[in-house]
Amino acid sequence: MRAAAWIAFDILREAAARRWFLAFAIVLSLIHLGILIGLRLEVVDGALAATRWFGTELGHDIRTADGVMHHVFEAATYVAFYGGLVFGVLACCDFGPDLLAPGRIEHLLSLPIRRLELLLGTFLVVMALCLIGTTYGAGGFFLILCAKSGVWTLRPLCAVYLASSAFFAVYALMLTSSVFVRSAALSAAAGGVVFVAGICAGQREQLAALFESGLQRQLFLALSSPLPRVSELAEAAAAIAVGQPAPPALGRLVLGTVLFGLAGLAVGAWRLEGKDF
Amino acid sequence: MSGTTANAPLAIAARGLTKSYGAGVRSRVAELWPARASSGSQRQALAGLDLQVPCGSAFGLIGVNGAGKTTFVKALLGVVLPSGGELRVLGGAPGDVAVRARIGYVPERLALPASWTASAYLRSVARLKRHDSAQRELTEAELACQLARVGLAGDAGRRIGQYSKGMRQRLALAAALLGQPDLLVLDEPTDGVDPLGRAEIRDLLLEERRRGATLFLNSHLLSETERMCDEIGILSQGKIVRQGSVRELCGAEGSWRARFAQGSADALSALGFEPLADGSYALRAETPLELDQRLAAARARGALLVELRPAARDLESVLAEVLGR
């Protein structure tokens, strides 16, 4: 499995040269810089007396900094969670197709590397990029907010990492779809379907009520049961970010999401083993 | 087959090798649902190919487009999985990573990372080739030597995106040569390389052969194949239809072409020299003694010999003859 790590290392180096990722890093840095320079929070004895955005006052109400920051962290967690997933789907949809491109895959397969290691290497590098992006983007954002408000907490960052577990499942299906059909568009579509289906699956109890009781409802519940609970994970992340206790089902949610991803990867590995290039 | 390799162990051994594209799903459909089975859309790329390539030899595979050459090359590397038959490479299965560690491959078209330098690329390939060994990193000396061998010493720091096609091909060759492979599988290795570069690559490959490596060459450049290989196989419709040394295939045995500076055409014709359109003469002589005697007879009639060469056909005409074109 050492080869998988070397493949991941090489793909990471290639990714560093991609315009997409450079643009993403620049945009994130500009957002950080904008907030750092433009946002002024006047906190007096734990109360937020004034908020200014490039000199323009945004609110007069005096409220506890803690309370205001909870709302900010909650909103930011949702934005980072869903925005990060959508960006991940769009930015990473061509990693699999690129790896399987004619002229590249033949050369890679001629090296003493197992096919499974190729798949794992690609998957690992995307997960690493996801964690790096989350740490830099969300970490920087929350660090600035914490420093400006004086409300220090690691909870929002931990909450955003839950998005990585959702992306684990989403990207596993994207990569598997690339193994079946080498197409970046199809890979992105597969990611989009898992993303939307995961949102629905997170609300399956409420959505099931829209179906007539009986076969239709049971069918919907059965079909949605293996899907990752993306929206439930987002709600759990937001709850953690604002300091509420983690939902008791969080472990089960994460485990289910990871298992879904692993099952997807297993199908991809099976197909890759028997595929001609 | 050359005398030195006649009893050598086999680098490549294929027996009854078949490959049908689209066979996997359709054959299962045929098993489950015979009425729906159709063979019309199946494509047979290899149809019972038999081939033996001894270790240390240089084998050239030629054939027209669609003959199955690339499929066979990919099967050697485990990139394509055969539908039937038996294939052994360096004594093992092509899918075995230990076997692939002993193979160097130059693909027909290689997608190289445009943003990398040649040094970075070769280091990456070396790591992947040697990931199980203690010394997996390429040393500076090894890197410099490898780049110098393919004539890229001065371009090591340039990005691959700025390379010409010929330079990319040289880099692919440098990557294939890493780790002193026992078998070199070369799919159009001189494609895009200038004539002098071709000669350099040819010398390099012959050097590898002297080291003991087996060369398996798939090329449309028949002159390259003729110059480099001591055994050639003609592939047609997924089968080897003719195989032998260049001499055997091109039929030079006992046939000669002679050119004289002066001498009467009638006198030469009377001696059995057959005039050809280009001004030279064809003659047959089964032994060196017979050849010498006939040339001496021509000289005795005032003819001055300026050129004598075996009357071999080129591979192109052999290929055309074998394929009935």
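Let me start with a pair of residues in chain B of this predicted model: B:Ser20 has as its bridge partner B:Gln44, which belongs to strand E2 of chain B.

Stepping back to the whole of chain B, we have 12 helices and 13 strands, and of its 325 residues 38% are buried. If you take the contacts in chain B with a separation of 6 or more, 73% of them are between residues 24 or more positions apart.

Chain B is divided into two domains, with domain 1 covering 10-249 and domain 2 covering 251-322, and their centres, taken over C-alpha atoms, are separated by 40 Å. Where the two domains of chain B meet, 9 residues of domain 1 are in contact with 8 residues of domain 2. On the domain 1 side, the elements that give two or more residues are helix H8 (222-228), strand E9 (239-244) and helix H9 (246-250) of chain B, and helix H8 of chain B gives the most, with 3 residues. By class, that side of domain 1 divides into 5 nonpolar, 1 polar and 3 charged residues.

Let me stay in chain B for one helix, H6, which runs over residues 165-177. Helix H6 of chain B has 13 residues and reaches 18 Å from its first C-alpha to its last, close to the 18 Å expected at 1.5 Å a residue. How many of its residues are buried? The count for helix H6 of chain B is 11 of 13, so that the helix is mostly covered, a residue being counted as buried if 20 or more other C-beta atoms lie within 10 Å of its own. The buried residues of helix H6 of chain B include B:Met167, B:Leu171, B:Leu173 and B:Leu177, but B:Arg168, B:Gln169 and B:Arg170 are on the list as well. Among the elements of chain B that cover them are strand E5, helix H4, helix H5 (140-149), strand E6 (183-187) and helix H7 (195-211). After helix H6 of chain B comes B:Gly179, with a positive phi near 80°.

Now to the contact between the chains, where 22 residues of chain B are in contact with 21 residues of chain A. On the side of chain B that touches chain A, helix H3 (97-100), strand E5 (103-106) and helix H4 (118-129) of chain B each supply at least two residues, and helix H4 of chain B gives the most, with 4 residues. That side of chain B has 13 nonpolar, 4 polar and 5 charged residues.

Turning to chain A, we find 12 helices and 4 strands, with C-alpha atoms that fill a box of roughly 65 × 55 × 30 Å along the principal axes. Buried residues make up 40% of the 277 residues in chain A, and of the contacts in chain A with a separation of 6 or more, 76% are between residues 24 or more positions apart.

Why does A:Ala91 count as buried? It does so because there are 20 C-beta neighbours inside 10 Å of A:Ala91. Leaving aside neighbours within four places in sequence, A:Ala91 is in contact with A:Trp20, A:Phe21 and A:Phe24, while the C-alpha atoms of A:Ala91 and A:Val126, 35 residues apart along the chain, are separated by 9.8 Å.

In soluble globular proteins, nonpolar side chains tend to be buried together. Here the largest nonpolar core has 141 residues, and those with the most contacts inside it are A:Val170, A:Tyr171, A:Ala237, B:Val185, B:Leu215 and B:Phe216. Helix H7 of chain A, residues 155-180, gives the most to this core, with 16 residues, and at least three residues come from each of domain 1 and domain 2 of chain B. Apart from this core lies another, of 10 residues, among them B:Trp256, B:Tyr281, B:Leu295 and B:Ala298.

Terms used. Residues numbered from 1 in each chain as written. Chains lettered and ligands numbered in written order. Predicted model: local features only at pLDDT ≥ 70, side-chain atom pairs only at ≥ 80, totals over all residues. Contact = placed C-beta atoms within 7 Å. Nonpolar A, V, L, I, M, F, W, Y, C, P; charged D, E, K, R; others polar. Pairing = 2+ DSSP bridges. Domains from an automatic or database assignment. Core = buried A, V, L, I, M, F, W, Y, C linked by C-beta atoms within 7 Å. Buried ≥ 20, exposed ≤ 12 C-beta atoms within 10 Å, placed from the backbone. Expected span 1.5 Å × (residues − 1).
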